[in-house]
Amino acid sequence: MAGALLLSGAVAALFGSTIPAQDTSATLDPPPDKIVIEVATVNGSGCPLGSAAVAVSEDNTAFTVTYSDYLAQAGGAADPTAFRKNCQLNLVVHVPHGFTYAIASADYRGYASLQPGAKATEKASYYFQGSPDTASISHEFKGAYNDNWQASDSTEWGQLVWAPCGVQRNFNINTELRVDAGTSDPAKTSFMTMDSTDGDISTIYHMAWKECPKS
């Protein structure tokens with residue numbers, strides 16, 4: 001699914017870590033110019049070739065990732081290696097001149113069927129290429145559970161980490177689903193997916209924007 005997505009839309013960014021924020025002037029409005037997002041690589045057991053797609057919103061405020069084969073399961077007849085699935089997206093984000101970006105929040109959703117005594121975890125990690133810092137946020141769900149699930153990661157404005165101005169750095173998103181059968185009936189299967197049963201977008205990333213310092 002590599003290739004450029006040229007859309008009048010939004011982009012990517014990163015949750016707070018120890019990297020100091022750029023000294024930039026804040027702007028609440030996204031840039032009006034078109035954004036190009038190139039999917040450099042898609043790797044992982046949760047996103048086999050052709051099963052993940054990236055789309056950008058028309059207002060430069062969000063982009064979405066849709067999965068069609070992201071399933072972790074444990075117990076019953078599940079394969080012993082199926083308890084953990086992951087997917088790493090490596091995105092090349094071309095930002096209009098004079099702007100930088102950060103991820104203000106991310107919304108994840110899917111479906112889970114967990115037996116009593118079982119549990120599942122959704123985890124996401126974010127980092128820019130070349131950065132030693134990785135921000136990770138996880139959410140746990142406990143059985144008995146049989147419903148759609150949703151989890152949100154968010155960062156205060158003052159803690160956002162911005163893409164460096166004037167430098168092209170790929171942005172990486174590594175998601176993970178993990179299911180633990182725990183004390184549940186070993187003959188019964190528990191599972192968790194990273195997509196909704198009604199077909200809605202599974203993951204939405206909301207963007208924040210700043211103007212770069214004038215040179």
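Predicted model: local features only at pLDDT ≥ 70, side-chain atom pairs only at ≥ 80, totals over all residues.
The peptide bond from G143 to A144 is cis, with omega near 10 degrees. Most peptide bonds are trans. Residues are numbered from 1 along each chain as its sequence is written. Local features need pLDDT of at least 70 and side-chain atom pairs pLDDT 80 or more, whereas totals for chains, interfaces and linings use all residues.

The chain contains zero helices and 14 strands. Of its 215 residues, 43% are buried (under 20% relative accessible area, 1.4 Å probe, protein chains only). Among contacts (heavy atoms within 4.5 Å) with a separation of 6 or more, 84% link residues 24 or more positions apart.

The largest pocket has a volume of about 360 Å³. A pocket is an open set of points on a 1 Å grid over the protein atoms alone, where a 1.4 Å probe fits, with protein on both sides within 12 Å along at least five of seven lines; lining residues have an atom within 4 Å of a point. The lining comprises 20 residues, with G98, F99, C165, G166 and C212 nearest the centre of the pocket. Two or more lining residues come from each of β7 (84-94) and β8 (99-114), and β8 gives the most, with three. By class, the lining divides into 11 nonpolar, seven polar and two charged residues, Cys counting as nonpolar and Gly as polar.

Technical notes: Heavy atoms only, no water. Helix = DSSP H or I, 4+ residues; strand = E, 2+ residues; numbered from the N terminus. Buried < 20%, exposed > 50% of the residue type's maximum accessible area, 1.4 Å probe, protein only. Points joined across faces, edges and corners; volume = space filled by probe spheres on them.
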